[in-house]
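I set out to record, entry by entry, what I looked up in this model. The entries follow the order in which I consulted the structure.

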Amino acid sequence: MSAHTHGAAEYRHRPAARRDIEDIISAILRWGVFISAAVVTAGVVLLLATGSTGSAPLVFAPGRLLPDLGRGPTGPAEALRGLVPPQPYSIIALGLMLLILTPITRVAASLAVFLRDRDRAYVLITCLVLVVLAVSFFLGAGAH
Amino acid sequence: MTAFLFVSMLVAVSAVAGLIGSIMGLGGGIIVIPFLTLVLGVPIRLALGASIVSVIATSSGAASSYVADRLTNLRVGMFLELGTTTGAVTGALLAGLVPTRGLYILFGLLLAYSAYSLFQRRQQELPAPVEPDRFSRRLQLRGEYYDQALGQRVSYHATCALPALATMYGAGIASGLLGIGSGVFKVLAMDGLMRLPMKVSTATSNFMIGVTAAASAGGYFARGDVNPLLAGPVALGVLLGARVGARLMTRLRNTFLRKAFIPILLYISAEMLLRGIRG
């Protein structure tokens, strides 16, 4: 069979025992997106159904495009507290936090694969990236 | 305005941002931010919070396809990520210490020149074979993918690894300091310096922007800048658009992508020059 009859699909569906780093990362991204999108959707649907953010009613003043936006949880602990009883803003925030975790999980998974493959240069590069990301995370969290 | 209409409008506009962003390797901020601030009158702080979510959604939404199709070069991505992340930290530390006006003009001019250089290479479908440098060879910055538009397998090898890394550091500083997305610089460095196929450049940029954005997203959350009513529907719309964009992009030609990139560059360049001149 010539290369012309092969599609991109040829790269997919390989035996699980010999999974490439690409397939592992692709699966992490797909599941991360699926789960976070489902949680955000649940929150948005609840918001529309109840007409409330959880702490205040959602009011659209006549003639104005923007409602009172209120404020959402500022961290995972606050978002989790808003789950019982379920508050729309907390559910949406939780979904968004899962979305943010997705690329970070992906970097961590790449590190695991590079370690497995004993690829020393890329283990080093990935570790450096993770350290810088952690520094940047704490700088950002500490600012303002 | 009803709540349902408001949410649907946000989802629809964000879907367009996700579609364009995923194809071009950008975060979609150039659509989301003006829409929120200029059309809806959202405070810039909350618009930036929604935009950072949009970047992560564009990246993660399209990357699963691009990675599975081998369009994303994971090694190139991880290697360049070193430059952008350290640059972004440097930029964040320098913020407030360095006058940004001159920087806006400098980067505005740089992007205008890049648009010109892209225009010169607008007919080039695939880069000519290059002589890889020592670093590109040592770090195995090469790859292969099946091009659906050309109906052939494309192998490539990167060159100029260190200049590209240095450029990424500069781009990271610019994005940390000026609060602009660095996707445009990533694409330019991979296409212009490393001589990767345009598709590989935008797919790899798409892959990288999510990581950088995720690192700063914690700060946006902590400051209360991620508003669920704005960021939630934006995330859903962008994810949807990015999914469609990722399917579409594999069928486009590299020359089309490059040509489509030029007006975007000119727009960002003009915006930066204006900001620099107005002060």
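Entry 1. I looked up Lys259(B) and found that Lys259(B) is partly exposed, because 15 other C-beta atoms lie within 10 Å. By the rule I applied, a residue is buried if 20 or more other C-beta atoms lie within 10 Å of its own, exposed if 12 or fewer, and partly exposed in between, with C-beta atoms placed from the backbone. I located Lys259(B) in helix α11 (residues 254-278) of chain B. Helices (H or I, at least four residues) and strands (E, at least two) are DSSP runs, numbered from the N terminus. Between the C-alpha atoms of Lys259(B) and Leu230(B), which are 29 residues apart along the chain, I noted a separation of 32 Å.

Entry 2. I note that this is a predicted model, in which local features need pLDDT of at least 70 and side-chain atom pairs count only at pLDDT 80 or more, while totals for chains, interfaces and linings use all residues. Residues are numbered from 1 along each chain as its sequence is written, and chains are lettered from A and ligands numbered from 1 in the order in which they are written.

Entry 3. I turned to the hairpin in chain B. Strands β1 (residues 142-147) and β2 (residues 152-157) of chain B run antiparallel and are joined by 6 bridges; pairing requires that DSSP find at least two bridges between two strands. Tyr146(B) stands opposite Arg153(B) in β2(B). The hairpin has 4 residues between the strands, and Gly151(B) takes a positive phi near 65 degrees.

Entry 4. I examined helix α1 (residues 21-50) of chain A against helix α10 (residues 228-249) of chain B; they pack at an angle of about 135 degrees, with axes 10 Å apart. Axes are lines fitted to C-alpha atoms, for helices over the stretch in contact, and angles run from 0 to 180 degrees between N-to-C directions. The contact includes Val33(A) and Ala37(A) of α1(A) and Gly232(B) and Leu236(B) of α10(B).

Terms used. Contact = placed C-beta atoms within 7 Å.
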